[in-house]
Amino acid sequence: MPAGSASDPHRFLVFGASGYIGTHLVPALLAEGATVRAAARQRDVLDARGWSGVETVEADALLPESLGAALDGIDTAYYLVHSMAAGRDFGRLDLVAAGHFADAAAHAGVRRIVYLGGLVPPDADSEHLVSRRQTGERLRAGTVPVTEIRAGVIVGPGSAAYEVVRDLVYHLPLMVTPRWVQSRSSPIALSNLIEYLLRVPALPEAAGQIYDVAGPDYLSYEQLMRRFGQIVGKRPVIVPVPVLTPGLSAYWLGLITAVPANIARALIQGLKHDIPADDAALRSLVPQRLLSFDEAVVAALDAEKQQAVAGRWTEGAFRMRRFRHDYAFYAKRASGHADAAAPAAALWQVVSSLGGSTGYFYMDWIWTLRELMDWLVGGRGFSRGRRSGTLRLGDSIDYWTVVGLEPQRRLTLDFGLKAPGAGILEFDLQPRGDGLTRIEITAYWHPQGVWGLLYWAVLAPFHLFIFKGMTRAIARRAEALRAAVS
């Protein structure tokens, strides 16, 4: 039974709980009976996970003053953050963050830090790989014992490397690829990695150690794509060429995959290396059956199918992707907001009147134009109308479907017009004090391949413009309602 189980009062902090691994580690710890605190830069992202029995806190390793409350009373802290999404200079930011965290953990009396790093070949020169190694070194420079787990390609929904493979295979029948597709790695199933992370805190001999983890296969990226294709019924033609440098490859991937550009660029820089793993030491300490790459892919696809139906948008939610594996896990997004001198109840009254004869509050002719385009290709365009009265889950509002409903807080709508991907429109109300309430509108778009990405590229500027005016119009209507009853 691992430390932190019902018979052991250890308290765990998952720092970076809103990220890919943290999102899966928290429920795994809960299933073991552990006492868990989850930390992320934004608490509302954690709240969207719907975890029961988890204490959530806001903390940022780049803001050392925020770390005390997160680490107070913690025995084992999982450090799962990195700054790749920040773009340039992320390596320096990673070191600064690790230094702050190591110092704060020592001050709080933490017994162990478990750090998830990356496999690093001896000749690594990419900022992504070097940063992972240096982050571990900076954490170990503190006084709290560190157990570092080094993983390569993680096979599971949401893993950046896995999602790049998925997007390429689903959407490119012919791939002209750079030479790095011949580089080899040792992919590990998400479930196997989580098992290692669960068990190492209970092992005294793991304190201060560095462990490689890997699955049983050692495959090139070309083999990963071909084997993924066999599982999902695709047969991509892959033609390696010598002219695509890592820099050009990063731009090329930006046209094909919805994986955030900064993350894809950082990954590409390290793909010119073979990345072997020597996992014998940890396998002897934590025996488990390691899934092959093929088994891991099947498990990842099945895991998506078993997701609970989400009541609001969260990254990768299968419901919000129309239950389609070929719709990108990562979403493009555009948003706008405005502050209203009115309570949330007044704003909700306006928002929940959306559609039908009310329209969309701002530049209705643009919405009508989009409906016309859909109608011309046989879609639901011009199907204006809605049930009167209070909204309910499943209601139709014109060509939208209500898939999430939190009165006076949030309305989530599923897009119903023909398009190469899945769209969600979310209205979020946030009381801000002094009688103000913020209305924010966000469009999330999970593209289906290249056409889905092009569709978004064309429409994103219009979304930004419309949402700015739309939120202002909603705010003004809410203020008028407030004035009418005062």
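Guide: A crossing of two helices is called right-handed if the near helix is turned clockwise from the far one by less than a right angle, and left-handed if anticlockwise. The model discussed here is predicted.

Visitor: In which hand, left-handed or right-handed, does α8 pass α12?

Guide: Helix α8, residues 221-232, packs on helix α12, residues 293-305, with the axes 10 Å apart and at an angle of about 50 degrees. Because angles between 35 and 65 degrees count as oblique, α8 is oblique to α12. The crossing in which α8 passes α12 is right-handed.

Visitor: How many charged residues does the contact of α8 with α12 have?

Guide: From α8 the residues L224, R227, F228, I231 and V232 take part, and they meet F293, D294, V297, V298 and L301 in α12. By class, this contact has eight nonpolar residues and no polar ones, and the number of charged residues is two.

Visitor: At roughly what angle do the axes of helix α1 and helix α7 cross?

Guide: Helix α1 spans residues 20-31 and helix α7 spans residues 190-199, and their axes come within 10 Å. The two helices are therefore oblique to each other, and their crossing is right-handed. The angle at which the axes cross is roughly 60 degrees.

Visitor: How many polar residues are there in the contact of α1 with α7?

Guide: On the α1 side the contact is made by Y20, I21, H24, L25, A28 and L29, while α7 brings L190, L193, I194, L197 and L198. Ten of these residues are nonpolar and none is charged, and the number of polar residues is one.

Visitor: Which element gives the most to the lining of the second largest pocket?

Guide: The second largest pocket has a volume of about 590 Å³, and among the 26 residues that line it, R370, F415, Y455, L459 and H463 lie nearest its centre. The lining divides into 22 nonpolar, two polar and two charged residues. At least two lining residues come from each of α14 (364-376), β18 (421-433), β19 (436-447) and α15 (449-485). With eight residues, the element that gives the most is α15.

Notes. Residues numbered from 1 in each chain as written. Predicted model: local features only at pLDDT ≥ 70, side-chain atom pairs only at ≥ 80, totals over all residues. Heavy atoms only, no water. Axes fitted to C-alpha atoms, helices over the stretch in contact; angles between N-to-C directions. Helix = DSSP H or I, 4+ residues; strand = E, 2+ residues; numbered from the N terminus. Parallel < 35°, antiparallel > 145°, perpendicular 65-115°, else oblique. Contact = heavy atoms within 4.5 Å. Nonpolar A, V, L, I, M, F, W, Y, C, P; charged D, E, K, R; others polar. 1 Å grid on protein atoms, 1.4 Å probe; cavity = no way out; pocket = protein on both sides within 12 Å on 5 of 7 lines; lining within 4 Å. Points joined across faces, edges and corners; volume = space filled by probe spheres on them.
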